[in-house]
Amino acid sequence: MAAYDFDIGIIGGGSGGLTVAAGAAQLGAKTLLVEKEKELGGDCLHFGCVPSKTLIQTAHVYHLMKNAQKFGLPPAEIKAVDFREIARRIQSVIQIIQKHDSEERFCKLGVKVEFGEPAFMDEHAVQLNGKSISAKNWVIATGSSPAIPPAPGLDRTPYVTNREMYSFERLPESMIILGAGPIASEMAQAFSRLGTRVAVIQRSGQILSNEDKDMADLVMEVLRGEGVTFYLNTSVVSIQDLGKEREVVIQAKEGKTLSLKAKTILVALGREANLKGLNLEGIQIPYDDKGLKLDTRLRTLHKHIYGVGDVTGAYQFTHAAGYEGSIVVSNAIFHLPRKANYTLLPWCTFTDPELASIGMNEKRAKAAGIEYDIWIEEFKDNDRSLAEGEQVGKIKMILDKKGKPIGVQILGPRAGDLVSEWVAALNGGVKPMTLAAAIHPYPTLGEINKKVAGTYLSSKIFSEGIKKGLHFIFHLKGRACHPAGEETS
Ligand SMILES: Cc1cc2nc3c(=O)[nH]c(=O)nc-3n(C[C@H](O)[C@H](O)[C@H](O)COP(=O)(O)OP(=O)(O)OC[C@H]3O[C@@H](n4cnc5c(N)ncnc54)[C@H](O)[C@@H]3O)c2cc1C
């Protein structure tokens, strides 16, 4: 049997790579982790989830301060933000989490961490910092970068992406955001709340285009109400640097053009897999901008070379990368064949209100040709939501024709946390009846989960047929009161 330096080598020390490294080493595999940056943690820690959610919380607090009177408080004296302070707070949160993702911690787990950019020499060996290193299995976990569109003039105009937007010296006065996906929508609201004049340009007729339109439109209305301007069904004609500001010329579907000007352009138009420079061509591993070509066990054409995280081109979330990491550990180290199954992958867009999703939404159900029923409850009828000053949003439970829940969409306060009950329910095959009968603490936002299940059950239990049956068997006498004008029978 060939002697390799390592049982498993992982390229990329972000969400996916760290999961595989920790799992493999703790199972006793001789594990190598290679990272090209100076620190581990990847996009999520340094330029993604962690800094964006920290910035969102700062913007949320500032928004509450500005709206103190809505809570019966005296108006607060609001000063303009100093973005350097916000950037410091973001860095301090990153530094705390960095300890968890440090070389020392991974060494303690038994992982050899090397820094550099490896390239495959053959199917088992890479060239790294002038040495050849071999491993029985390899995992490509190199993540993704912002996709930069070929918009005329963009290459000659200064712009920022998610890598630069947490370290501004001062708050941008105005910002044009290209794209209206989750990152664009979250940042549009956060910067707008902090005081930036924000315009969002979107090619299609809806923001958050993977979501149901009614939910996405509600998010847009909230952002619009806070001052964000949206240009939907619009394409970018040209971009140019005017010195003190930048100009983006857009064209609406009907042909009308418009010139928009702002100090800053933020490009948030999707992601491109980081696969160049690994010499995948040299070992005949096919890929495109979206990612690697993988089978359901996350293997490339070479069955011992796997892909996890954003390079899979599937779902670009930290928890998806972690899930895929566990699949690879199972396949490569345990030799227990496991396939990736994304049917119940949840996610959340952290706008305020948040928009969380698990399983089918109406769009996906229609595309899959599934017939469904929907049940809706609104946050304006949830006591806790009202106490907190939150009235916008709803939960949408989607059932197949047999009454089995196949998906839930929640738009509302802390929707990302509320969806967790459905993660357990849908994974555990819990019926709406169980959820409706389970005692939930009052007053909580989570009661909306019980209520939507209960409303569905009520429609079955309080039917005319059941009423007639009870009337017949137990001689019930029927209604004791009739509102004025309602006919008695
Ligand atoms: C602004 C923003 C907000 C986000 N918010 C969320 C969120 O709230 N929730 C969520 O679930 N997801 C969020 N994401 C997505 C999440 O960050 C990614 O899905 C996740 O980081 C993917 O993990 P990964 O391991 O594939 O890649 P990464 O975590 O990026 O790790 C890849 C690593 O590989 C390294 N690397 C790249 N090329 C090489 C090479 N040639 N050699 C060696 N190392 C290399 C990189 O330096 C990096 O450390 C957000 C992303 C962005 C941009």
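Trainee: Is Arg-338 buried, exposed or partly exposed?
Mentor: Bear in mind that this is a predicted model, where local features need pLDDT of at least 70, side-chain atom pairs count only at pLDDT 80 or more, and totals for chains, interfaces and linings use all residues. Residues are numbered from 1 along each chain as its sequence is written, and side-chain values use heavy atoms, with hydrogens and water left out. Buried means under 20% relative accessible area, exposed over 50%, and partly exposed in between (1.4 Å probe, protein chains only). Since Arg-338 has a relative accessible area of 33%, the label is partly exposed.

Trainee: And where does Arg-338 sit?
Mentor: Helices (H or I, at least four residues) and strands (E, at least two) are DSSP runs, numbered from the N terminus. The place of Arg-338 is in the loop between helix 8 and strand 17 (347–349).

Trainee: What about Thr-234, buried or exposed?
Mentor: Thr-234 belongs to strand 11 (residues 234–241). Because its relative accessibility is 6%, Thr-234 counts as buried.

Trainee: Which backbone oxygens does the side chain of Thr-234 reach?
Mentor: A polar contact here is a pair of N or O atoms within 3.5 Å; within protein, one must be able to donate a hydrogen and the other to accept it, and residues adjacent in sequence count only if both atoms are side-chain atoms. A polar atom of the Thr-234 side chain lies 3.0 Å from the backbone oxygen of Tyr-231. At 2.6 Å, the side chain also reaches the backbone oxygen of Leu-232.

Trainee: How far is a backbone N or O atom of Gly-16 from an oxygen atom of the ligand?
Mentor: For Ser-15, a polar backbone atom is 3.3 Å from a ligand oxygen, and for Asp-43 that distance is 3.0 Å. For Gly-16, the distance is 2.8 Å.

Trainee: In what order do the four strands of the open sheet run?
Mentor: Two strands pair if DSSP finds at least two bridges between them. The pairing is parallel, and the edge strands, each pairing on one side only, are strand 10 (229–231) and strand 14 (264–267). The order is 10-9-8-14.

Trainee: Which residue in strand 14 is the bridge partner of Leu-178?
Mentor: Strand 8 (residues 174–178) pairs with strand 14 in the parallel sense over four bridges. The partner of Leu-178 is Val-267.
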